[in-house]
Structures are given as structure tokens and as C-alpha cells.
Amino acid sequence: MNYSTSQFKNGMKLMLDGNPCSIVNNEIVKPGKGQAFNRVKFKDLITGKTLEKTFKSGESLEAADVMELEMQYLYSDGEKWHFMDPVSFEQFDLGKESMGTALSYLVEQDKCIVTLWNNNPISVTPPNHVILEVTDTDPGLKGDTAGTGGKPATLNTGVVVQVPLFVSIGDKVKVDTRTNEYSGRA
Amino acid sequence: MTEVVTPTLLNAPTTDVYIDSIEVSVNQALSKSSQLYLHTSPELEMKRLLSKGSGDIFQICQVFRDNEQGRINSNEFTMLEFYRVDFTMHQLMDEIAELLAALGKNEPIKKMSYAEVFFEYSDIDILNSDINDLKTILNSLDLNSDDEWIEDIQMHLFVHLIEPKLKEIPLCFIYDFPKDQAALAEIHGPVAHRFEMYINGTEIANGYQEIQSAQEYRDRFNEELNKRKALSKPFEFLDNSFLKDLEGGLPYCSGVAIGIERLYSSLSL
């Protein structure tokens, strides 16, 4: 199935140079004395890179068979990360290179979004907020609750996040996975 | 400068390759119906006046175009069109800058030739690249290279490589377009004395040092009509009455069309 430029809209999944891509932004440009173009910003769903292309109005691209499913992260055997579709109980696995930032945030049993292309998993998106445990951080100064400077803390997935000075080892903290920022105590 | 009003309903559609006139059916005496066309710009009617010795003239009017698409395009918009006798293209650009300053737009103006803008934002020597050179560049960018006319390819590269960079420039004039994009501007060697004004990457104005000879107008119109034919576009006939009126030629002059809605929306930014 093909989509022509007049059908383009944000979020549409299309094949570009052999890779599935998602339209991030679609702008029609019609020079006063020229033909119309669509200037389109894509995100490559495999590499995560964004790219910009300009199409002549009327060109078309093949639709990409891409699905985003909520799944449960089961475990990792060190080489593969295993997930399960809670509806069909079907299991999928991904290599480290496809895990992206999800590596830093997922703990077993967490829910996340797995993107399938032609029914093969290509990427994982963690929830916007996850709750993780502090496994290492310097002790804070007594009486400092204002959190003026903050300090680095290592969490149970291995990721390092700036936290306020009052946070100590064993505390559970809420982290925004889009910015890698501390967003509160859990 | 004299304000003029010219007809909106014309006997002939525009010949512009990528602009389509809106056709209207009108009933005349004895219920004989005929087709007329809403003007896509007051250009030709104003040039009739110039050829009759009107001197400097301006007009603000609604214009109508079919098959428009995009967020900042519309089937109807407002145009300011004016002509200055004995003005070069550069003098006209200076005057437009003064007009914008009077409207409170005082940002520094960047002025670049079409060739310079390509050198600044790409490594393409646009005036010395033939159609095959440019197709090779399109291919290397993974862009469609089916176009058969060099001006279409030049514009594709402009839209892809240059226009996004212009978003950071508050006000810029680009002049000396390749002769293949002359439209109705006088050609001098490899370039046409045509300019466009961009405000933060949006095309606001298009101007020419105008062609003076009626024969040259006829040749340009026929060239455009042949291209419309090749693209299977409707309306392939010439406004012969315009060409007849122009037989004595146009005085040396420069003219510009400014999109008023786009200009005003850029002022309120």
C-alpha cells in the first residue's frame, strides 16, 4: 500500500530507503513560481535518527507495517532482552543495540512499548516515568533540604541521575525517562 | 505614485506554468454564456496602463488562484503590486526596505544573489551546473530527479537546501535568479533581473526589472503555454489583446508583487 504526499500526516509510518520511518513534521511548500513540494521530517524507527526530505507533490511512499504494542519486560539473559505481549502471551526478544535508552530504565515486570516492524521488534520505549532504587550515592549534608546543588546517584538499573542532597541509598526515586531527570521521591 | 483599479474578470487565464486561474461562467446578452477568468495577479492589466504612459502606479487587490495547497497558501489573497518607472531592480528593493521600515520592520536586511545563497548554504555552483549535474546532486540526496526542466530542479534544491536556512534570517532579498527562472524579468547574460523577498524563510514578494518588448512577452508566454501543455494543464491560450496594447513596448521599469497577509503576519510576530 502506498501513500501519496497529499495523504501525509504526522505519525504516519512509511518506508524510506529500506527503513521504516515515522513522519514527525510535514510542511507543504509552494513557491510562487514553482510546483508544490512536501518538506517532511522523518524519524528512522530503527536508528532513531531524524532526516529531512523534500518530495514533489504527488510522489508516494510505501506504507511500513509498524505496530506499537504495550508489553511486559520479562528478563535479560545478557545477550537478548525478552518481552511478552500480555494479550497474546507471545514473546519477543531484542538485542542490546535495539534497546536504546530503555536499557537504563527497565526493571523486570515493567510495562513498556515495543515497536514491531513486519512483526519483528525494532525498538523499545520505556514509560515516561519509572520508579528506581538508589544503589549508590554520597551521603548528603545534614540539614540541607533545599537541594541547591544536587549530587549524582546510581540507580538499580545502573543509570546515573542528579538527585537532591537529601536522597540516600535505598530510597526509591521517580525518574523522567525522556530527560533522565529526577522528578521526585516515590 | 497613482493608485489604480484594474479588472478582476479577464478574458484570458494566466499562462504561468504553476499558477492556475479560476474559471467562471458568465451570462451575457441573449443568454450567451462565456468563460472568464479571475485574475491571479493584476500584473498584465497594470502593464497595459504602463504601456500607455501611466507612470508609477500601485494597486492593492484580492487575487484568486486555483489548486493552491499548504498552510500559508489560499485560493484568495491580497496583493500589493506596484511599478516604478526608470527604477532598477536594486532601487526597487531599496524602496521596499523603506516601506517595511515605515511599517516598523527595522531588522538588518541581508541581500544575496541566487548564486551567492547557494554558495553560502551548499557547495553547488548553481549558475554553472547543467541539468545533469543537478540531477546527480538530487540523486545523491535521495530526492526525486524525474523533472525535465532545469528550473524545476533548481527550485527543488532551493526548497530542500536553502529555504530552511532562511528561517533564521529576519529579512532577506535574493536577486539575479538563473535565466531559466526569469518569468517576466529582463535577462542579462546568465541571470534574470528578478528578486524575491523572504521574511524568516517565507516568500513574501517577487519582483522584476520588467521586460519591455511585446515580442519578448509573446515568446515567454508561448514558452509557458508549451510547458502547461506538456503537463496536461488546462487553459492554453494567449491574451492577444494584451500583446496588441503592448506593441509600443513598456517603459524601462521595475515592479513587485507583495503578499499582504503574509507580510502582516510577519509584522505581528
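Mentor: Five residues of domain 1 of chain A are in contact with six residues of domain 2 of chain A (contact means C-beta atoms, placed from the backbone, within 7 Å). On the domain 1 side, that's three nonpolar, one polar and one charged residues (nonpolar is Ala, Val, Leu, Ile, Met, Phe, Trp, Tyr, Cys and Pro; charged is Asp, Glu, Lys and Arg; the others, Gly among them, are polar). The C-alpha centres of these two domains lie 28 Å apart, with bounds from an automatic or database domain assignment.

Keep in mind that this is a predicted model: local features need pLDDT of at least 70, side-chain atom pairs count only at pLDDT 80 or more, and totals for chains, interfaces and linings use all residues. Residues are numbered from 1 along each chain as its sequence is written, with chains lettered from A and ligands numbered from 1 in the order in which they are written.

Now the helix: α2(B), residues 89-102 (helices are DSSP runs of H or I, at least four residues; strands are E, at least two; both numbered from the N terminus). Its 14 residues should span 20 Å, and its end C-alpha atoms are 20 Å apart, which agrees (the expected span is 1.5 Å times one less than the number of residues). Met89(B), Leu92(B), Met93(B), Ile96(B) and Leu100(B) are its buried residues (buried: 20 or more other C-beta atoms within 10 Å of its own; exposed: 12 or fewer; partly exposed in between; C-beta atoms placed from the backbone). Strands β6, β8 and β10 of chain B are among what covers them. The face turned away carries exposed Glu98(B), Ala101(B) and Ala102(B).

Terms used
Contact = placed C-beta atoms within 7 Å.
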